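Please keep the viewer open as you read.

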Amino acid sequence: MRPIQRSFLLKLWMALAVGGLGLAFTGGKSARADEAAAPAPAVEAEKPEWVGASACLACHQEQGEAFKSTHHGEYLEKRKGVDFEKSCETCHGPGSLHAGAAGDKANPGFATVKNFKTAKAKVVADSCLQCHRDAGRTHWSGGAHDRANVSCVACHSVHNAAGKHGQLVKATQRETCYQCHKDVKGQMRRSAHMAIEEDKLSCSSCHDSHGTGTPKQLKAANVNQLCFQCHQDKRGPHLWEHAPVRENCLNCHHPHGSHHEKMLVAKRAFLCQRCHTGGGHPSTVYDATNIDQFNNKIAGQTCQECHSTIHGSNHPSGKMFTR
C-alpha cells in the first residue's frame, strides 16, 4: 500500500473514532445538531427615550397649546422649574417609540405612553400622586372613590378643564359630583336645601373627595362636629341636653335637602312623635265630627310652640325645653 493511501485511511479512521465518541457522550446526537437546536438569544426590547414636547406637538398641537395656559402648565414652569419640553413626558412617559409609530395603533410602540382616558384608575392615580401626594391625599388609597375605581380624570382635566378651580371637567364642583351622585342632585332640588345651588357652599365644604378617615368622607370627626362649624349656637354644652340631638343631627335633619322646613326628615309634630306620644297633652282632633279624646296627634300646631329650645336648654326650669 502506498504511503499516501495509508495516511488517508489513518486520518479517516481517526475521524470516525472521534465522531463515535462524540455520539456516545451526546446520547447519539452530534454537537453540531445541539448547536443548531439551541434557541437564539432573546433580543432586548428597545426602551423608549425622551423626545421633548416639540415632537409631541407635531401631532397633538391642540392639547399642547391648551396645556400651556392651565394651572398645571403654569405651575410646572414657574413653581417647579420644569421646562415645557419635559412637561408632556413627565406624566405620559418617554415618547420616542410612540412618536416612531406615527399614529399606527397596530405598532407596539404606539402604546408605550400612558393614555389616561383609557388607563385603569390605579394607573392614573399612581401617576398623579407622584406630585399630589400631600396631606390632602393621605387617605386616597383605600378611600371610597379609590375602592369604587373612580379615576382622577373622571373629575379633573389637565388639558381641557371647564371649571375655574381644580381643573374640573364640569363648570362647577356640584355638577362634577352630580355625574355619579344623581340621588343627591335630586335632594338638592327640594324646597329646603343647603345653599349649594346658589354657590354659597360646595360639596367640599363638608366632604373631601380625596378621602378621609371618617364615614362619608366628612371633613370632621363626626356629623355633629361638622354641623357645629356653622351652627355654633347648637353646640352647647347645655344644662339640659336633648338625647337625639347630642347623638346625631341627622336623626332630625336631612343633610342635602328636604320637602319640610329646616330640612327636617318629617313634618312636625310627626317627627317628634317618632319618639314621643301625646299622652297628657291637650291634643287636637282632626275635625269637629270625629271627636276622639284618645287622639294623640297634634294638628294645626307643632311641639315647638311650647318646647322651643329643642336643641338644648341652659335655663334652670328647662328640663322640658320650654321657653
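In which loop is His-242 found? His-242 sits in the loop between helix 12 (223–228) and helix 13 (243–247); helices here are DSSP runs of H or I with at least four residues, strands are runs of E with at least two, and both are numbered from the N terminus. Before going on, a word on the ground rules: this is a predicted model, so local features need pLDDT of at least 70 and side-chain atom pairs count only at pLDDT 80 or more, while totals for chains, interfaces and linings use all residues. Residues are numbered from 1 along each chain as its sequence is written, and side-chain values use heavy atoms, with hydrogens and water left out.

Setting aside neighbours within four places in sequence, His-242 is in contact with His-276, Ile-310, His-311 and Phe-321, where contact means heavy atoms within 4.5 Å.

For another loop, turn to Ser-191, between helix 11 (182–188) and strand 1 (192–193). Ser-191 counts as exposed because its relative accessibility is 63%. Beyond its neighbours within four places in sequence, Ser-191 is in contact with Ser-258 and His-259. The C-alpha atom of Ser-191 is also 8.8 Å from that of Met-263, although the two residues are 72 apart along the chain.

Next, the nonpolar interior. A nonpolar core is a set of buried Ala, Val, Leu, Ile, Met, Phe, Trp, Tyr and Cys residues joined through side-chain atoms within 4.5 Å. The largest one has 6 residues: Phe-116, Val-124, Ala-125, Leu-129, Trp-140 and Cys-152. Within this group, Ala-125 touches Trp-140 and Cys-152, not counting residues up to four places away in sequence. A second, separate core of 5 residues includes Leu-218, Ala-220, Val-223 and Cys-249.

With cysteines in view, how many disulfides does a search of the whole structure find? The search finds 0, a disulfide being a pair of cysteine sulfur atoms within 2.5 Å. Take Cys-56: its closest cysteine sulfur, in Cys-88, is 4.2 Å away, so the two are too far apart for a bond. Cys-88 itself is buried because its relative accessibility is 18%.

The whole structure holds 8 salt bridges, each a side-chain nitrogen of Lys or Arg within 4 Å of a carboxyl oxygen of Asp or Glu. One of them joins Arg-174 and Glu-197, at 3.8 Å from N to O. This pair links distant parts of the chain, 23 residues apart: Arg-174 is in helix 10 (residues 173–178), and Glu-197 is in the loop between strand 1 and helix 12. Arg-174 is buried at 15%, whereas Glu-197 is partly exposed at 22%.

Another salt bridge connects Asp-233 and Lys-234, at 2.5 Å from N to O. Here Asp-233 is exposed at 55% and Lys-234 partly exposed at 26%. Glu-261 and Arg-268 also pair up, their closest N and O atoms being 2.4 Å apart; Glu-261 is partly exposed at 46%, while Arg-268 is buried at 17%. Finally, salt bridges that share partners join Arg-174, Arg-189, Glu-197 and Asp-199 into one network.

How values were computed:
Buried < 20%, exposed > 50% of the residue type's maximum accessible area, 1.4 Å probe, protein only.
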